[in-house]
Amino acid sequence: MDYFLIQGGKRLRGVVEINGAKNAVLPIMAACIMCEGEVTLRGVPDLVDVRTMEHLLNQLGVATRREPGGVMRLKVEDEMNCHADYDLVRRMRASVCVMGPLLGRRHKAQVSMPGGCAIGDRPINLHVAGLAALGADVDLVNGDILLKAKRLHGAELFLGGPFGSTVTGTANVMMAACLAEGTTVIESAACEPEIADLAEFLNSCGARITGHGTPRVSITGVRQLGGCEHTVIPDRIEAGTFMMAGAITNGELRLRNCRLEHLLAVVDRLRAIGVNVEREDDEVVVSSARRLEPVDVTSQPYPGFPTDLQAQIMALLSLADGNSVVTEKIYPDRFMHVAELNRLGAKLRKEGPTVIVQGVKRLVGAQVMASDLRASAALVLAGLVAKGETRVNRVYHIDRGYEKIERRLRAVGAEIERQSTAEE
Ligand code: EPZ
């Protein structure tokens, strides 16, 4: 199993190119199940999760071909298999995004119920209720959700849950509704940019979606979807992570292919902390004062502060001059990184869905364990500034969502290398 060795204390300086968004490309790849023609995607990051989705699509009869420079071509060749099995779904929750396309196009979907994961249990009750509203019959068979429908029909449905809307749930219902008879209105749809990008992709294939990016999305069903060419939006979570890397090391990073308008809640908190974030031509320049102000952060559905950057900003606030309060409103248990950051000398105290961050003067290197994709990114950020050596174990978590992160950090001055242990 791979681990990172990081020598802390280097200030990061230089240019970082932001890749295409993982959480946009995964549902867009799944949507190709519904396309009659060939699809060309550009800006596809080379991530473990993208490969897992490719593998799943291949099993579902979609041929995929990667070309240099982040290009992927996809084409449906066989529509027989409609079963996304447990082995793949347990590895990647986003596999559930094939549910809507399979149901919409093939009128049948059998998808393993996703299990829990390090950030909390990951129910799909809202997905299933939304698809049932479109006319799907639903059964639970040996841990699989089995959905069938001769013909889907439009519906007006509410997709809000106790923690706000559901991102992949909105994706699933929106995709299925593209091929339903009549018009569907989704109230309390997710507003994330990744949902808007998926809708843009579907409209390029001939779908008729309006209101995407707002809580009320309308989809008028069409008979079929063709192919198209589409460039995936930049990854705002990767961009936010690199912004915090520049800030925590007191360096200066210039981000390319970064859509600042997707990060306004993050920029708001960073500027309150004392981090400078400025647009310069087609780059976003990030630098920070030596002294960091403590702030309060609460994760919310988009356009609020993203839960996927909660761990990373907690690492940054560990070094602020005073006490901060970080509250997690999407996944109340998403705090596996707290104990690990405390091993590096942070002073974090969990009180239910809130963590009190008592700023310290410095972090000190140690061995830490990655637990999920974004927690591992937070541990890398802390290691970049901790005194001495930090070893981050189980970095396969980080490979799921950040392409070659250690190479890209080294290119801007970090002292970080990937090592492997014999153990599997
Ligand atoms: C998406 O997950 C992202 N993944 C997650 O990013 C992100 O953390 C999350 O949205 C929230 O922004 C992808 O897009 C592939 P949800 P998703 O359904 O869609 C509850 C990463 O690091 N809920 O919006 O699975 C749920 O428990 C990943 O890239 C229900 O109750 O999240 C949670 O509390 C991690 N019933 C909240 O809603 C449901 O049917 C938001 O979940 C569905 C969700």
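Modeller: For the classes, Ala, Val, Leu, Ile, Met, Phe, Trp, Tyr, Cys and Pro count as nonpolar, Asp, Glu, Lys and Arg as charged, and the others, Gly among them, as polar. Please bear in mind that this is a predicted model.

Biologist: How many nonpolar, polar and charged residues are in the lining of the second largest pocket?

Modeller: That lining has 10 nonpolar, 6 polar and 7 charged residues.

Biologist: And how much space lies in the second largest pocket?

Modeller: The second largest pocket holds about 500 Å³ of space. It is lined by 23 residues, of which Ile-248, Arg-290, Leu-319, Lys-361 and Val-385 are the closest to its centre.

Biologist: Let us move to the ligand. Which residues come nearest?

Modeller: There are 24 residues around the ligand, and Arg-93, Thr-166, Thr-168, Asp-308 and Ile-330 come nearest. By class, this shell has 10 nonpolar, 7 polar and 7 charged residues.

Biologist: Which helices supply at least two residues of the shell?

Modeller: They are α1 (22-31), α5 (125-133), α6 (167-178) and α12 (373-385). The largest share, 3 residues, comes from α5.

Biologist: Why does the ligand lie between the domains?

Modeller: Domain 1 (2-17 + 234-420) and domain 2 (25-230) both give residues to the shell, so the ligand lies between them.

Biologist: What lies 2.8 Å from an oxygen atom of the ligand?

Modeller: That is a polar side-chain atom of Arg-374. In the side chain of Tyr-331, an N or O atom is 3.0 Å from a ligand oxygen. Pro-123 places a backbone N or O atom 3.4 Å from an oxygen atom of the ligand.

Biologist: How much of the ligand does the protein bury?

Modeller: The protein buries 91% of the 820 Å² that the ligand exposes when taken alone.

Biologist: Changing topic to the backbone: which peptide bond is cis?

Modeller: The bond from Tyr-302 to Pro-303 is cis, with omega near 10 degrees. Pro-303 belongs to the loop between β18 (296-299) and α10 (310-317).

Biologist: What is the phi of Asn-142, and where is Asn-142 found?

Modeller: Its phi is near 50 degrees, a positive value in a residue other than glycine. Asn-142 sits in the loop between β8 (137-141) and β9 (144-148). Most residues other than glycine have a negative phi, and most peptide bonds are trans.

Definitions and conventions. Residues are numbered from 1 along each chain as its sequence is written. This is a predicted model: local features need pLDDT of at least 70, side-chain atom pairs count only at pLDDT 80 or more; totals for chains, interfaces and linings use all residues. Side-chain values use heavy atoms; hydrogens and water are left out. A residue is near a molecule or strand if one of its heavy atoms lies within 4 Å of it. A polar contact is a pair of N or O atoms within 3.5 Å; within protein, one must be able to donate a hydrogen and the other to accept it, and residues adjacent in sequence count only if both atoms are side-chain atoms. Accessible areas come from the Shrake-Rupley method with a 1.4 Å probe; for residues, only the protein chains shown count as cover. Helices (H or I, at least four residues) and strands (E, at least two) are DSSP runs, numbered from the N terminus. Domain bounds come from an automatic or database domain assignment. On a 1 Å grid over the protein atoms alone, a cavity is a set of points where a 1.4 Å probe fits but cannot get out, and a pocket is an open set with protein on both sides within 12 Å along at least five of seven lines; lining residues have an atom within 4 Å of a point. Grid points are joined across faces, edges and corners, and a volume is the space filled by probe spheres set on the points.
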